[in-house]
Every structure is written in structure tokens, then in C-alpha cells.
Amino acid sequence: MTFHSAVRKAGLIVAIAALAVSAGCAKKDEGEVQAGGVKLVEKGKLTVCTHLPYAPFQSKDGSGKVIGFDVDVMDLVAKELGVEQAIVDTPFEGIKSGQDLNTGKCDAAAAGMTITEERQKVMNFSDPYFDATQAMLVKTGKSYKSLDDLKGKKLGVQAATTGRDYARKFEAEKGLQLVEFEDLAALQQALANGQIEAAINDLPVWTEYIKEHAGGFEVAAEFDTGEQYGFSVKKDGNPELLKKINEVLAKAKQDGTYDKIYEKWIGKLPNA
């Protein structure tokens, strides 16, 4: 080996070593940040994906700040980690498919999301934090009391939700005309302007809507589907964060913090 080739070889080794160090640093910047032993995608923040609006679980107040039941609970998790919660509004399809978690858009998802077997295949859920029931909303004064009364009528549902899945089960049998909307706001607007005769979604969502539009709407029917909400993290990707969420939930239920959040956003506790 000549002197010059030896120098070139040594330089190449140094360059490779530098690249390796650089790659290691880049990896850390891309999400290897630790907060109380938990991996986060951005330093100093618990990044949470949701889909707005979905009051009373998440929606914007007059100043544009995102507020709600889920927000308050995830704030407890962020506080426990010593960081701030950062909320990302994203289409629900990306949340329920696990894509937003897999691509590092967020650390966790909190979107009034029902735990289902299908969703458990693509993400890991926390312990259940809310018992949900599906319900049918109509304009006040309408005579509809069940899905049977909607034969040949337009029934609105929200895309990618369990409410839509429930309605689909009876679409053919009861002669329903399902109309799908991308988000809750569009579904509510369609019902308000008469584009559809009724709408199915989670009961707490309709209860909140009725409060905001006193006298205009009423729950015509409830469907006890045995659903429960859960927060989610990347499938087998962040066990420490999942453990922390469950610990915070358990503590909040034990010390009364959960009850206060429930009463603030939902109302009286079912068993109170």
C-alpha cells in the first residue's frame, strides 16, 4: 500500500466514523428523547393526536384553545411526565388505522375512540376510561323513535366510527339510506338543515349538542353497544408511555380527580 492510499483509507475510516456519530445524533433528535423513562417524539412535549370537533371530549373554545374531557385527562399524563401536552388535529382515519402513531406524528391518540378488536390489531390501548353508548338524534318534534321508523329515510353517520358500523348492520334490513360525513360538525350541520332526518353518534356528543342548541334537538333512541373508550399508543412501540397512562388513570379514579373531570364535561356520574 502506498503512502497516499494509506492516507485516503484513513480518511475514509474517519469519515465513516463521523457519519455513524452523526446518524446516532439524528436518531436521538427524531424521537429518542426521554421524559421520566418515556420516549417522546418531541422534547418537552406529550404530542397527542385527536380529531376536532368532538365535544365534550375535544373541541375549540372561543379563543381557539382545544379543551375537553380527553384533554384534561391527558394533561394529567403530561404533568406526571413533567412536560406540556401538544395537540395535533388530524383526520380520524389516520388515528384509527394506527398510521399517525406509526409515522411519529404523535405519541398517543385521545379522540373519544372506542376500543375494538380491529383497532387493537394496529395500536395498543390503555385501560378503558369511559363507557359509551350510541344514540340517534333528531330535530325536536320529529316522530322517529327507532331505526324502524327511518325506512327509506336518510340517516347520517360519521366516517370511520363505530356509530357508522352499527348503522351499517341494519342498513339493508331496515331500509336505511346512510349518508356518511367526514366529521361531527358536518353531520350536525346536515341534521340542522334537513339534509338528513336523523344522525347516529355517541350519546355524550349529542347531550353536549343539545345543551348548546336548547329546544332544537332530542335523543330519539339509545343503543347500548357496550363500547368503552381508550387512549392509544403505537403498537408494541411505547410500553412505558402506556404504563404511565394507565397509572395516571388509576390514580385519578382513586383520588377523585377523574370524578371532577367527568362532572365538569359530562355531568353527574352514572352511579353517583
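**View 1. A160 is a buried residue in a loop.** With a relative accessible area of 4%, A160 is buried, where buried means under 20% relative accessible area, exposed over 50% and partly exposed in between (1.4 Å probe, protein chains only). A160 sits in the loop between strand 10 (154–158) and helix 6 (162–170). Helices (H or I, at least four residues) and strands (E, at least two) are DSSP runs, numbered from the N terminus. The phi of A160 is near 65 degrees, a positive value in a residue other than glycine. A note on what you see: this is a predicted model, in which local features need pLDDT of at least 70 and side-chain atom pairs count only at pLDDT 80 or more, while totals for chains, interfaces and linings use all residues. Residues are numbered from 1 along each chain as its sequence is written, and side-chain values use heavy atoms, with hydrogens and water left out.

**View 2. D236 also has a positive phi.** The phi of D236 is about 55 degrees, although D236 is not a glycine. Look for D236 in the loop between strand 14 and helix 9 (239–255). Is D236 buried or exposed? D236 counts as exposed because its relative accessibility is 61%.

**View 3. S232 is buried among its contacts.** S232 belongs to strand 14 (residues 232–234). Its relative accessibility is 0%, so S232 counts as buried. Leaving aside residues up to four places away in sequence, S232 touches L101, D107, A108, A109, M113, M123, N124 and F125. Here contact means heavy atoms within 4.5 Å.

View 4. A disulfide is a covalent bond between the sulfur atoms of two cysteines. In this model it is taken as a pair of cysteine sulfur atoms within 2.5 Å. The structure holds 1 disulfide, and the sulfur atoms of C49 and C106 are 2.3 Å apart. This pair links distant parts of the chain, 57 residues apart: C49 is in strand 3 (residues 45–50), and C106 is in the loop between helix 4 (99–102) and strand 7 (108–109). The link is left-handed, with -105 degrees about the S-S bond. Both C49 and C106 are buried.

View 5. Another joins A55 and P56, with omega about 10 degrees. P53 lies in the loop between strand 3 and strand 4 (59–60), and P56 is in the loop between strand 3 and strand 4 too.

**View 6. The largest pocket is lined by 20 residues.** Of these, F130, D131, A132, Y262 and P270 lie nearest its centre. Strand 9 (130–139), helix 8 (203–212) and helix 10 (257–265) are the elements that give two or more residues to the lining. The volume of the largest pocket is about 380 Å³. On a 1 Å grid over the protein atoms alone, a pocket is an open set of points where a 1.4 Å probe fits, with protein on both sides within 12 Å along at least five of seven lines; lining residues have an atom within 4 Å of a point. Grid points are joined across faces, edges and corners, and a volume is the space filled by probe spheres set on the points.
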